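Dear colleague,

Please find below the structure that I am handing over to you, together with its sequence.

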Amino acid sequence: MMKKVMLSGGGTGGHIYPALALADAVRRRHPDVKLGYIGTKEGLESRIVPKAGEISFFDVEIQGFKRKISLDNVETIAKFIRAVKKCKEYIRKFSPDVMVGTGGYVSGPALYAATKLGVPTLILEPDVLPGLTTRFLSRYVNVTAISLTGSEKYLTKAKRILHTGNPRGTEVIHAKKEAGRASLGLADSDKPIVLIFGGSRGAKPINDAVESMLPQLTKAPDIHFVYVTGEVHYKDVTDKIDTDQWPNLIVKPFIYNMPDVLAASSMVISRAGATTLAEVTALGVPAVLIPSPYVTNNHQELNARLLDDHNAGRMILEKELTGERLWETISEVMGNHGHHRQMSEASRKLGRPDAAEVILDELEKLSATRR
C-alpha cells in the first residue's frame with residue numbers, strides 16, 4: 001500500500017486542480033496516506049494547495065522557458081539546475097513511494113529530480129498539445145499519462161504512454177446537482193440551465209458577446225442563464241446592464257462550487273481549458289467553446305477542435321465571436337432535444353469519469369517497484 005505520494009504542478013488551475021483531484025482520490029482509497037506537493041511561492045498553487053487539506057507544501061524557485069531566443073533562458077537553466085538540487089533535498093526528506101506531475105514548469109525539476117533518485121514517476125498531460133515540460137520529461141518518467149486523444153503523436157520519445165483522462169473528471173461526477181441548483185436559488189425549478197463563464201478571472205470578449213446577446217433571452221423564458229463575469233469584471237458588467245429586465249438571468253462574479261453547478265447545467269459556454277474539458281465530458285454536457293488565443297501554442301484551440309470534431313461541442317474562435325453568433329449556437333443546441341441528446345452522448349464518450357482511479361491503479365503498480 002502506498003504510504004507517501006508527492007505531487008507537483010503549478011502556474012494555472014489546469015495543472016493544479018487535476019493534482020488536487022488525484023490527491024482526493026488517493027485519500028479515498030488510502031486514508032492514512034501522507035501527501036506532499038512541490039510548487040512555487042508565486043504560483044496559484046501556493047494559495048490553493050494549503051487550503052486543500054493535509055498536504056505538505058515545498059517551494060522552489062523556477063521559471064518557464066521563453067520560446068524565442070532570449071538571454072532570460074540562461075537564467076532559466078540556472079534556476080532549473082538549482083531547483084533540481086532543492087527538489088532532491090525535498091524528495092529525500094519526504095521519501096515518497098511515487099511522484100506525480102500534472103504539468104507547468106515546476107513539474108520539470110521536481111520529476112527530473114525524482115527520476116535521478118530512483119523514485120517511480122508519472123506525468124499527466126491535461127491538454128491535447130503537450131507542453132514543453134511534458135515533452136522534456138516523457139523520455140525520463142516511467143509513465144506519461146494523456147488526458148485527451150491526439151496527444152500521443154507529439155510524444156514520440158515517451159517510455160510509455162497511457163490514456164487515462166483527467167482526474168478532474170472523476171471529481172466532478174461526485175458533485176451534487178441539487179446542491180448546484182440550490183446555490184443558485186433554483187432549488188424549486190426544473191428548467192434547464194445554460195452556464196456561461198470565462199475562467200476564474202472571466203474573459204472580456206465573452207462578456208462583450210453576452211452583453212450583446214442579452215435582449216434575446218426573452219425568447220427563451222424556459223431556460224435559466226447563469227452568467228459568471230469573473231470578479232474583476234463584475235462591477236463593470238452589472239453597472240451596464242439592468243438584471244431585472246431578464247428574470248431568467250442570474251449574474252455572478254464567481255462560483256465557488258463549480259462542480260455542483262456544472263452537474264446541474266444542460267449546456268456550458270466557456271474557454272477551452274483542460275479542466276473544463278475534463279469536467280464537461282465526464283458529465284456529458286454539450287459545450288460552446290471559445291478558446292483563448294493568448295495561451296501558449298494556442299493549445300486551447302486544439303482542445304476545442306477535438307470536441308467540435310466529435311460533435312460534443314461547438315467551437316467559436318474569439319475573432320468570430322459576436323452576440324448574434326453565440327445566440328444562434330445556443331439556440332441550435334438547446335432548441336432541439338434530439339440534437340442536444342446526441343451532443344451529450346458524444347461528449348460522454350470522450351469523457352473519462354474513471355480517470356483518477358485509472359491513474360491511482362497505475363501509481364500503485366509503480367510504487368510496488370520502489371520496494
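I begin with a pocket: by class, the lining of the second largest pocket has 4 nonpolar, 2 polar and 3 charged residues. Here Ala, Val, Leu, Ile, Met, Phe, Trp, Tyr, Cys and Pro count as nonpolar, Asp, Glu, Lys and Arg as charged, and the others, Gly among them, as polar. A pocket is found on a 1 Å grid over the protein atoms alone, as an open set of points where a 1.4 Å probe fits, with protein on both sides within 12 Å along at least five of seven lines; lining residues have an atom within 4 Å of a point.

This is a predicted model, in which local features need pLDDT of at least 70 and side-chain atom pairs count only at pLDDT 80 or more, while totals for chains, interfaces and linings use all residues. Residues are numbered from 1 along each chain as its sequence is written, and side-chain values use heavy atoms, with hydrogens and water left out.

The lining of the second largest pocket consists of K177, E178, R181, P192, I193, A263, A264, S265 and S266. Helices (H or I, at least four residues) and strands (E, at least two) are DSSP runs, numbered from the N terminus.

Next come the sheets. An open sheet of 7 strands has parallel pairing and the order β3-β2-β1-β4-β5-β6-β7; two strands pair if DSSP finds at least two bridges between them. The edges are held by β3 (55–59) and β7 (161–163), and each has a single partner strand, so one side of each is left without a neighbour in the sheet. From one strand to the next, the twist averages 25 degrees. Axes are lines fitted to C-alpha atoms, for helices over the stretch in contact, and angles run from 0 to 180 degrees between N-to-C directions. Between β2 (residues 34–39) and β3 there are 5 bridges in the parallel sense, and the bridge partner of G39 in β3 is D59.

An open sheet of 6 strands, with parallel pairing, has the order β10-β9-β8-β11-β12-β13. At its edges stand β10 (249–252) and β13, each with a single partner strand, so one side of each lacks a neighbour in the sheet. The twist here averages 15 degrees from one strand to the next. The parallel strands β12 and β13 are joined by 3 bridges, and A287 stands opposite G313 in β13.

Within strand β8 (residues 193–197) lies V194. Is V194 buried or exposed? V194 counts as buried because its relative accessibility is 0%; buried means under 20% relative accessible area, exposed over 50%, and partly exposed in between (1.4 Å probe, protein chains only). Not counting residues up to four places away in sequence, V194 touches I223, H224, F225, V226, M267, I269 and M334, where contact means heavy atoms within 4.5 Å.

Finally, helix α12 (residues 299–309) has buried residues H299, Q300, E301, N303, A304, L306 and L307. These buried residues pack against α11 (274–283), β12 (287–289), β13 (313–315) and α14 (337–350). Just after α12, N311 takes a positive phi of about 60 degrees.

Yours sincerely
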